[in-house]
Amino acid sequence: MSELATAVFAAHTEAHLVDAPRSTRFATFRKTFDEPGYVRDLHARGYRWIARGDHAFPHRLAAIHDPPPGLFVRGDADLALLERVSVAVVGARACSAYGASVARTLGRELAAAGVVVVSGLARGVDAQSHRGALETGTTVAVLGCGIDRDYPRSHAALAAEIARGGLIVSEYPPGVEPAPWRFPARNRIVGGLTLATVVVEARERSGALITADLALDEGREVLAVPGEITSQLSRGSNHLLRLGAVPVTCANDVLRVLGVEPAPPAPPRVLEPRLERVHALVADAPKTADEVALGIGERVAGIAAALVELELLGLVEQADGLYRAAPNVGSRS
């Protein structure tokens, strides 16, 4: 029975199907479904289809207990990208500035080591991990809607950048709108494509925890970034650590789990003493420009200029009026 017909029928009937149903309704649909014409239309629109029975279908995804009938694919990369060493980086949509910074840095450092970063194109941690990966390598986005949709719409430019060098995949054909129940289904594909899942920030009962649970069910590794114990955003990820998830304090923690040799660390940047003092203060804890000026005993105007210079060097980040040292998670052993 055609896997493409099953995928299209599931979309038309708003059903979650792994295999072709034994129903009169599906039999009637199958008789009228023009599969060659449908495939030609997909190709004309720039999309590809990989059936579950196709040799190009990713083996790790095929091994989960409920793999999709196939994947619709958008993007310029070879389908072999889906077989490379990969890791899911997931977390809260409304993440903190710290979570966003860590997600982007992990994405950048993991991609630099040749790892494919997989996530769900959602706001927050997902988007930041994609953006970081695009700085040094490639990434795969998994949609919870039709392959022709960019969701959220504000991520259309990000999706276009991903498609230029990587891949966007979905089990849903063109025309399928986002729906709440489709995102947990999407999460099983995020976890199924990858060898390991890293949770950066997650509330209790968040979608990122669903991805982690699904990865555990399939015998994949689960890792978590430790978070502030008073933060609601870290309750889920810290709970994973209590359950035995591998703590992530640097990108090398992830690379070791994947069996990937870390890249040699970059030599430390030598700063002039004035900048070194400012950097050391914000490395201890996030601070406002006024707090940094008070700690050093200089005028705020001079400190603000130093902070801008450190931002331009990529050593300091600013969010919500606070300056913090940019994480350099890939360089620690």
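Guide: Let's start with a definition: a charge sits over a ring if NZ of Lys or CZ of Arg is within 6 Å of the ring centre and within 35 degrees of the ring normal. Keep in mind that this is a predicted model, where local features need pLDDT of at least 70, side-chain atom pairs count only at pLDDT 80 or more, and totals for chains, interfaces and linings use all residues. Residues are numbered from 1 along each chain as its sequence is written, and side-chain values use heavy atoms, with hydrogens and water left out.

Visitor: What makes R93 lie over the face of F183?

Guide: R93 is 5.9 Å from the ring centre of F183, and the cut-off is within 6 Å. R182 does likewise over the face of Y172, at 4.6 Å from the ring centre.

Visitor: How many aromatic pairs does the structure hold?

Guide: There are eight aromatic pairs. Rings of Phe, Tyr and Trp (its six-membered ring) pair if their centres lie within 6.5 Å; planes under 30 degrees apart are stacked, over 60 edge-to-face, and the rest tilted.

Visitor: Why is the pair of F9 and F26 called edge-to-face?

Guide: The centres are 5.1 Å apart and the planes make 75 degrees; edge-to-face asks for over 60. F9 belongs to helix α1 (residues 3-13) and F26 to helix α2 (residues 24-32), so the pair ties together parts 17 residues apart in sequence. Helices (H or I, at least four residues) and strands (E, at least two) are DSSP runs, numbered from the N terminus.

Visitor: Why is F9 counted as buried?

Guide: Buried means under 20% relative accessible area, exposed over 50%, partly exposed in between (1.4 Å probe, protein chains only). F9 has 7% relative accessibility, so F9 counts as buried. F26 is buried too, at 1%.

Visitor: And why is the pair of W49 and F72 called tilted?

Guide: The angle between the planes of W49 and F72 is 50 degrees, with 4.6 Å centre to centre. Stacked needs under 30 degrees and edge-to-face over 60, so tilted is what remains. W49 sits in strand β1 (residues 47-51) and F72 in strand β2 (residues 70-74), so this pair links parts 23 residues apart in sequence. W49 is buried at 16%, and F72 is buried at 0%.

Visitor: What makes β1 an edge strand?

Guide: The open sheet has nine strands in the order β1-β2-β6-β5-β4-β3-β7-β8-β9, with mixed pairing. β1 and β9 (246-247) each have a single partner strand, so one side of each has no neighbour in the sheet.

Visitor: How do you know that β2 pairs with β6?

Guide: Two strands pair if DSSP finds at least two bridges between them. Three bridges join β2 to strand β6 (residues 167-170), and the two run antiparallel. V73, for one, has V169 as its bridge partner in β6.

Visitor: What makes D320 stand out by its phi?

Guide: Most residues other than glycine have a negative phi, and most peptide bonds are trans. D320 is not a glycine, yet has a positive phi of about 55 degrees. D320 lies in the loop between β10 and β11, and at 76% relative accessibility D320 counts as exposed. L121 also has a positive phi, near 65 degrees, but L121 is buried at 0%.

Visitor: Which peptide bond is cis?

Guide: The one from Y151 to P152, with omega near 0 degrees. P152 is in the loop between β5 and α7.
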